[in-house]
Amino acid sequence: MDPQRPAAQGGGGKRAMRAAIAALAAAVFGGYLVLLVAMPTYAYKHTWLPALRAKTATTYFGTNQGANILVFTSPVVVIALLGCVYLHLGKNNNSHIKNIKSGEGENRIEIWKRPMIIKGLGIVSRIELAFFLMFIALLIWNLATYLFNDFARITTISAARSGEKVWEAKLDMAALRLGLVGNIALTFLFFPVTRGSSVVQFLGLTSEGSIKYHIWLGHIVMTIFTAHGLCYIIYWASTHQISEMVKWENTGISNLAGEISLVAGLFLWVTTFPRIRKRMFELFFYTHYLYILFVFFFVLHVGISYASIMLPGFFLFIIDRYLRFLQSRQHVRLVSARVLPCHTVELNFSKNKGLNYSPTSIMFMNVPSISKLQWHPFTISSSSSLESNDISVIIKREGKWTTKLIDLVASPTPPDRLDVSIEGPYGPASTDFLRHDLLVMVSGGSGVTPFISIIRDLIHTAETLKNPTPQILLITAFKNSADLTMLDLLLPISGTPPHLSNLNLQIEAYVTRQKKPQTPPQDSKFVRTVLFKPSPTDAPLASTLGNDNSWLWLAAVIASSFIIYLVSIGILTRYYIYPIDRNSNRVYSTAARAAIHVALICAAVAAAAKAGFMWNKARVGKETMQIRNMEGATPTSSPPCCDVEKEMESLPQLSLAESINVYYGERPDLKRYLFERKESSVGVLVCGPRKLRRQVAHICSSDLAENLHFESISFSW
């Protein structure tokens, strides 16, 4: 009997289960979209919704809340749970890099992934553009259908009964319907920024894609809500009801709460525009916390029943945010730093051996001695396959925060240790680089960072696992020759095989601002390694919910917190609110009811997430203690830190140096590099300035580039 056959059968069974789960999730999401499409129709409002409310009206959830939870909140929670199971079944792969060659079906999909450059949207694939247009069509359909049905009922006589002109009555109705449509857009706003969400991973969204979609949705939401508010202000001013702006009704809509929410959103929105964000990043960073006021007063404005439409996305965001908070409370052990002559450092942290992540993942870092509030994202440069006990990031001097950090670490007398908190890592569940015959990586300046993690992972695949890997062509451009030392970081401090004979790697490096090599100062010939002293209060970086079953634990947290919320609000409604209001929705304060719901959601999330986090923290405690004991074995008389200087072409780099060609005073001819490749499948990865990414995207969108498969990768410093 073939001993590999049971394993193969088990793998086939998992693939079948994953396919079934994906189909079920797609069916649930399809039904959810049908509801969003049907919302403005007469049949939904006058037939389906009344019948559903009649069947779900209870003394535990009132007349409206039960129906909205059933049709709007529950489907998204179910999709999140299915996503957790799907990701768990696909987790136990030997590598995060899939080795799947493109078939005929995949080739048809690749056509839809071809890049396009759209003014206002940037670089998008045809799939992204199609979904964007469908989403806009959904919003237009809802608004147009609402207005068509409402305007048909507005006549000169009906407007005169209310003491209004026809245009004023229509403006009033248009303002209301804009608010309803804005809530649909708000429903999706928080999904892309829920970093550890199963929904994001289930859909295969990258960090760059998630940020891009969040920006699109944010602009759409604030445009609609701003129009909603302006229409009401014009209407109130025209009908001499400007006092309505400060009204806070006991039941129903609270105008003042809506205005507070809108003002908070406008302050947040203004700082997101590129000119302000780039020049005043700290202002952008701190004003983003206004989302708390924006969402809270929005819920008070519309009431919890209507807010249930956008509630599931924010519910998943709260779970993720609280788990990140729990993880960030523990300082992470900083092992060492490699200081480069080009004002760049690589920080190496200790991590739990079972913590795995994919290439191009990111993590968020906080250094309290620099700023207790600021968190900065950094692209991970290490490979969990090649470096099982370490995780590293590369930081270049770019802004005030990074300048302070590099000056601190690279000083002649660096500190004994550094308190650092980390959230993450976050990244795709897997990547599919191995399906290509050739990988062309194009970077500009610090954009080489994510490619370092990819190359390290491919080194493990080729040299340790002895599996075939595609050819690798790295085309990178730097301003000065000192920046070439960044290529030294392609190999980690430890874990590198002695030879790179199985990896077909070629590096074309361009120095654009120097005509010829320059003799660097004596100090610039060395990469300095700074070792930090261990502290009993530090711990290796670990997953918030364990390593082996983290997705199942997340599913447990989502399910249990949702159940706790439903049970607690049911009991509170039945024995406190119902005796007062009797399901009339005319006695008990709408805002107070909404505030209670928000408080119970937060309490349920805190209880479930804390329990899951503490349980898994105890489980990984043994490994943490083993690492601490090994570090504690270091003689106490050792210096707090020490500097180790290494030649830039030390032993591990010798074979790598043979693969590097350096060109001075010119820029790479990207058209020549890409159009000359005749391989059947060429993966083109680009990371760097906006102009570079657009240039590569334009080349890959050409009819002459059918074998080029474009992917833009974000990087963070």
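The expected span of a helix is 1.5 Å times one less than its number of residues. Keep that rule in mind as you begin the tour. The model on your screen is a predicted one.

**Stop 1**

Select residues 65-89, which form helix α3. This helix has 25 residues, so the rule gives it a span of 36 Å, and its end C-alpha atoms lie 35 Å apart, which agrees. Now look along the helix for Thr-73, where α3 bends by about 40°. A proline, Pro-75, follows within four residues of that bend. Is α3 buried or exposed for the most part? Of its 25 residues, 20 are buried, so α3 is largely enclosed by the rest of the structure.

**Stop 2**

Move on to residues 449-464, helix α17. Its 16 residues reach 23 Å from the first C-alpha to the last, close to the 22 Å expected. Here 15 of the 16 residues are buried, so α17 too is largely enclosed by the rest of the structure. Just after α17, click on Lys-466, which takes a positive phi of about 60°.

**Stop 3**

In soluble globular proteins, nonpolar side chains tend to be buried together. To see this here, select Leu-186, Phe-315 and Ile-558: of the 97 residues in the largest nonpolar core, these touch the most other members. Which helix gives the most to this core? Helix α9, residues 207-238, does, with 12 residues.

Zoom in on Leu-186 and show its surroundings. Leaving out residues up to four places away in sequence, Leu-186 touches Val-221, Phe-225, Phe-294, Phe-298 and Met-310. Apart from this core lies another, of 35 residues, and you can find it by selecting some of its members, including Ile-452, Leu-474, Met-486 and Cys-687.

**Stop 4: charged pairs**

Side chains of opposite charge can pair when their charged atoms come close.

Select Glu-128 and Lys-212 first. Their side chains meet in a salt bridge, at 3.1 Å from N to O. Glu-128 lies in helix α5 (residues 126-151) and Lys-212 in helix α9, so the pair ties together parts that are 84 residues apart in sequence. With the cut-off for buried at under 20% relative accessible area, Glu-128 counts as buried at 16%, and Lys-212 is buried at 18%.

Next, select Arg-324 and Asp-320. This salt bridge also has an N to O distance of 3.1 Å. Both residues sit in helix α15 (residues 311-328), four residues apart, about one turn of the helix. Arg-324 is buried, with 6% relative accessibility, and Asp-320 is buried as well, at 7%.

Finally, pick Asp-419 and Arg-417, whose closest N and O atoms are 2.6 Å apart in their salt bridge. Asp-419 is partly exposed, at 28%, and Arg-417 is partly exposed at 26%.

**Stop 5**

Most residues other than glycine have a negative phi, and most peptide bonds are trans. Where can you see a cis peptide bond? Go to Gly-424 and Pro-425, which are joined by one, with omega about 5°. Pro-425 lies in strand β8, residues 421-426.

Then select His-343, which is not a glycine and yet has a positive phi of about 55°. His-343 lies in the loop between β3 (334-340) and β4 (344-350), and is partly exposed, with a relative accessible area of 46%. Asn-583, which is not a glycine either, has a positive phi of about 60°. Look for Asn-583 in the loop between α18 (550-581) and α19 (590-619); at 22% relative accessibility, Asn-583 counts as partly exposed.

**Last stop: how confident is the model?**

Colour the chain by pLDDT. The mean is 87, and 88% of the residues reach 70 or more. Now select residues 633-641, where the pLDDT is below 50; beyond near neighbours in sequence, this stretch has seven contacts in the model. Over residues 643-652 the pLDDT is also below 50, and that stretch has 25 contacts beyond near neighbours in sequence.

Key: Residues numbered from 1 in each chain as written. Predicted model: local features only at pLDDT ≥ 70, side-chain atom pairs only at ≥ 80, totals over all residues. Heavy atoms only, no water. Core = buried A, V, L, I, M, F, W, Y, C linked by side-chain atoms within 4.5 Å. Buried < 20%, exposed > 50% of the residue type's maximum accessible area, 1.4 Å probe, protein only. Helix = DSSP H or I, 4+ residues; strand = E, 2+ residues; numbered from the N terminus. Contact = heavy atoms within 4.5 Å. Bend = angle between axes of the 7 residues up to and from the residue. Salt bridge = Lys/Arg side-chain N within 4 Å of Asp/Glu carboxyl O. pLDDT = per-residue confidence, 0-100.
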